Amino acid sequence: MNAICFVKAKPQVIQTDKPTPKEDEILVKVHYSALDTALEPVIQKTFVGGMVHKRTDPLFCGWHFSGVVEEVGSKVSDFQCGIEVFGHLPYSSSTTQGSLSEYVTVKSDALAVKLKSVDMDMAAASTTEPLTALQALRDIGKLPKQGGHVLINGAGGQVGSCAVQIAKVLGSKVTAICSTKDTDKMTELGATTVIDRKKTPDILGQLEPGEFDVIFDTPGKLSARKISKFLKPKGVYVNPSPDDMLDFLL
């Protein structure tokens, strides 16, 4: 099969062996692959890059993809050949595959059936960011199914804009903090309150103590010590990318 590998951080198309699925794996013929910011540290072989992909030679990269199931292992029962799917390879130091290939093999929990109303290219780009937002709000934040209130910092970004929409679907009010250029978009996506961080010198002064079930700080820029008072008694502060780990310890 054809695959893109990286040599000295530059892409090359090479011929390599088509993967064979194990008994608990699925072989997917890739139609689209989406890039993300994790690619740069991997191809530059930094320490962080080594945490999300194994340093192999040749180096195959890419995590997100959409395509069609071509073959299933003997122990796979939840997917059948011919189904259109989307998914992602794991961010792991043991990952050796790359979605910038004609084929990938994955386990069932790394796949989902693609809706007919969603194009293949959009599906490929809809894995990490929506999943990060869903896990933050539903799984980690334990957001109530109805009547919750969420504060989303960085709401105009990829993860943040997904979080606004997911929170609305889950029946919550949303207070969104974003840049001026994204304020209209936040209103369109369903945010109840929009705070323009560029035009608001005292952002925390716009909030009420004990107001939120979940505070989702997507860029990791809020101080955990200062923001925690705005949580309800059993509220949860979720920070996927803390800017200063010492903030949690002081």
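Tutor: A charge sits over a ring if NZ of Lys or CZ of Arg is within 6 Å of the ring centre and within 35 degrees of the ring normal. The model is predicted, so local features need pLDDT of at least 70 and side-chain atom pairs count only at pLDDT 80 or more, while totals for chains, interfaces and linings use all residues. Residues are numbered from 1 along each chain as its sequence is written, and side-chain values use heavy atoms, with hydrogens and water left out.

Lys18 lies over the face of Tyr103, 4.4 Å from the ring centre. Lys18 also forms a salt bridge (a side-chain nitrogen of Lys or Arg within 4 Å of a carboxyl oxygen of Asp or Glu) with Glu70, where the closest N and O atoms are 2.9 Å apart. Because Lys18 belongs to the loop between β2 (10–15) and β3 (25–34) and Glu70 to strand β5 (residues 64–72), the pair ties together parts that are 52 residues apart in sequence. Strands here are DSSP runs (E, at least two residues), numbered from the N terminus.

Lys18 is partly exposed at 38% relative accessibility, and Glu70 is partly exposed at 33%; the class lies between buried, under 20% relative accessible area, and exposed, over 50% (1.4 Å probe, protein chains only).

By the same rule, the count comes to 8 salt bridges. Among them is the contact of Asp213 with Lys232, with closest N and O atoms 3.1 Å apart. This pair links strand β12 (residues 212–217) with strand β13 (residues 231–238), its members being 19 residues apart. Asp213 is buried at 14% relative accessibility, whereas Lys232 is partly exposed at 29%.

Note on methods:
Helices (H or I, at least four residues) and strands (E, at least two) are DSSP runs, numbered from the N terminus.
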